[in-house]
Structure formats: structure tokens, C-alpha cells
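Visitor: Pick one part of this model and take me through it closely. Then show me what surrounds it, with the cut-offs stated.

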Amino acid sequence: MVRVATDEIAYVLADGNYSDLVLINGNRRKLTFQLHHFDDWFKLLRRNPFVRVGRSLIVNKDYIHVINLTNQELLFTGKGMDKDLRLEDSEGKPLRVAREKLKELMELLGEEKGSDNE
């Protein structure tokens, strides 16, 4: 059993029938759940900061610091993080995200920011 506060999760990455839970402190946990289970559980939260980005990734939008379309990368930062956290695969290699998905994520964050100002 692994207990983790949702505000400590930076992102969840699919790895076949498993998922890598990546925490804001950089620690990773390999869990025996497919990504759609996390998607379903996160939808039950009163305030859901998680968004699905493609078939293999769920990110905590509260920690997104940089969306780099040119390099197709995400960078996370925020309270509780000693340094920026890069999106990486299960082997620690930088993970690229489809430009179209990054654009959709940028639009979503822009819409939310606009609604916060109203």
C-alpha cells in the first residue's frame, strides 16, 4: 500500500499495465494500476488539478511551470520542490509530448487563468 497526498503528485505516466507515480520531490513509485484508474480516481476529487495529456500521461496542472513547444517538453515547479522537475520516462530520459497536446494544455491553462480574473 502506498499513501500519497494528491498535492504531492507532479505527474502519472503509463508504463504498460503499470503506472509511474512521480512526486514533486522527484521520487517515483511504480504501481500496478493502469493510467485510466488514476484518471477515474482524480475525477472524484472535489478540486481536480489533474489533466490527461494524451494516452500515457496525466499531469498536475498546479505544478506546470514551462510548456516548451519547440522542445516538446514540460517543466514542473512549485511549493515543496527544491528544483524544477522535468518530465521523464521510467528510465529517466526526457519525455517529449506531442505539440498538439501541449497546445491543448496551454489553451486549458489560459482559459482557467481568464476565469480566475472574472
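Guide: Start with an open sheet of three strands, in the order S6-S7-S8, with antiparallel pairing. Helices and strands here are DSSP runs, numbered from the N terminus (helices: H or I, at least four residues; strands: E, at least two). Two strands pair if DSSP finds at least two bridges between them. S6 and strand S8 (85-86) are the edges: each has a single partner strand, so one side of each lacks a neighbour in the sheet.

This is a predicted model, in which local features need pLDDT of at least 70 and side-chain atom pairs count only at pLDDT 80 or more, while totals for chains, interfaces and linings use all residues. Residues are numbered from 1 along each chain as its sequence is written, and side-chain values use heavy atoms, with hydrogens and water left out.

Now the hairpin. S6 covers residues 64-68 and S7 covers 73-76; four bridges join them in the antiparallel sense. Valine 66 has leucine 75 as its bridge partner in S7. Four residues lie between the two strands of the hairpin. One of the turn residues is glutamine 72, with a positive phi of about 55°. That residue is not a glycine. Most residues other than glycine have a negative phi.

Stay with that loop between S6 and S7, where glutamine 72 sits. Glutamine 72 has a relative accessible area of 14%, so it is buried (under 20% is buried, over 50% exposed, in between partly exposed; 1.4 Å probe, protein chains only). What does glutamine 72 touch, beyond residues up to four places away in sequence? Its partners are Leu95, Arg96, Val97, Ala98, Arg99 and Leu102. Contact means heavy atoms within 4.5 Å.

Next, leucine 74. Neighbours within four places in sequence aside, leucine 74 contacts Leu57, Val59, Ile64, Val66, Ile67, Leu85, Arg86, Leu87, Val97, Leu102 and Leu105. Leu74 also belongs to the largest nonpolar core, which has 20 residues. A nonpolar core is a set of buried Ala, Val, Leu, Ile, Met, Phe, Trp, Tyr and Cys residues joined through side-chain atoms within 4.5 Å. Tyr11, Leu57, Val59, Leu74, Phe76 and Leu105 touch the most other members. Strand S1 (9-15), strand S5 (57-60), S6, S7 and helix H2 (99-116) each give two or more residues to this core. S1 contributes the most, three residues. There is also a second, separate core of ten residues, including Leu21, Leu31, Phe38 and Phe42.

Arginine 86 and glutamate 73 form a side-chain salt bridge at 3.3 Å, N to O. A salt bridge is a side-chain nitrogen of Lys or Arg within 4 Å of a carboxyl oxygen of Asp or Glu. Arginine 86 is in S8 and glutamate 73 in S7, so the pair ties together parts 13 residues apart in sequence. Both ends are partly exposed: arginine 86 at 41%, glutamate 73 at 21%.

The whole structure holds eight salt bridges. Another joins arginine 52 and aspartate 39, at 3.2 Å, N to O. This pair links distant parts of the chain, 13 residues apart: arginine 52 in strand S4 and aspartate 39 in helix H1. Arginine 52 is partly exposed at 33%, whereas aspartate 39 is buried at 17%. Aspartate 39 touches Arg52 and Ile58, residues up to four places away not counted.

Proline 49 occupies the loop between H1 and S4. Its relative accessible area is 7%, so proline 49 is buried. Aspartate 62 is 13 residues away in sequence, and 6.2 Å away from C-alpha to C-alpha. Proline 49 contacts Val59, Asn60, Lys61 and Asp62, leaving aside neighbours within four places.

Last, one more charged pair. Lysine 93 and glutamate 91 meet in a salt bridge at 3.4 Å, N to O. Lysine 93 is partly exposed at 47%; glutamate 91 is exposed at 61%. Elsewhere, salt bridges with shared partners join Asp15, Asp20, Arg28 and Lys30 into one network.
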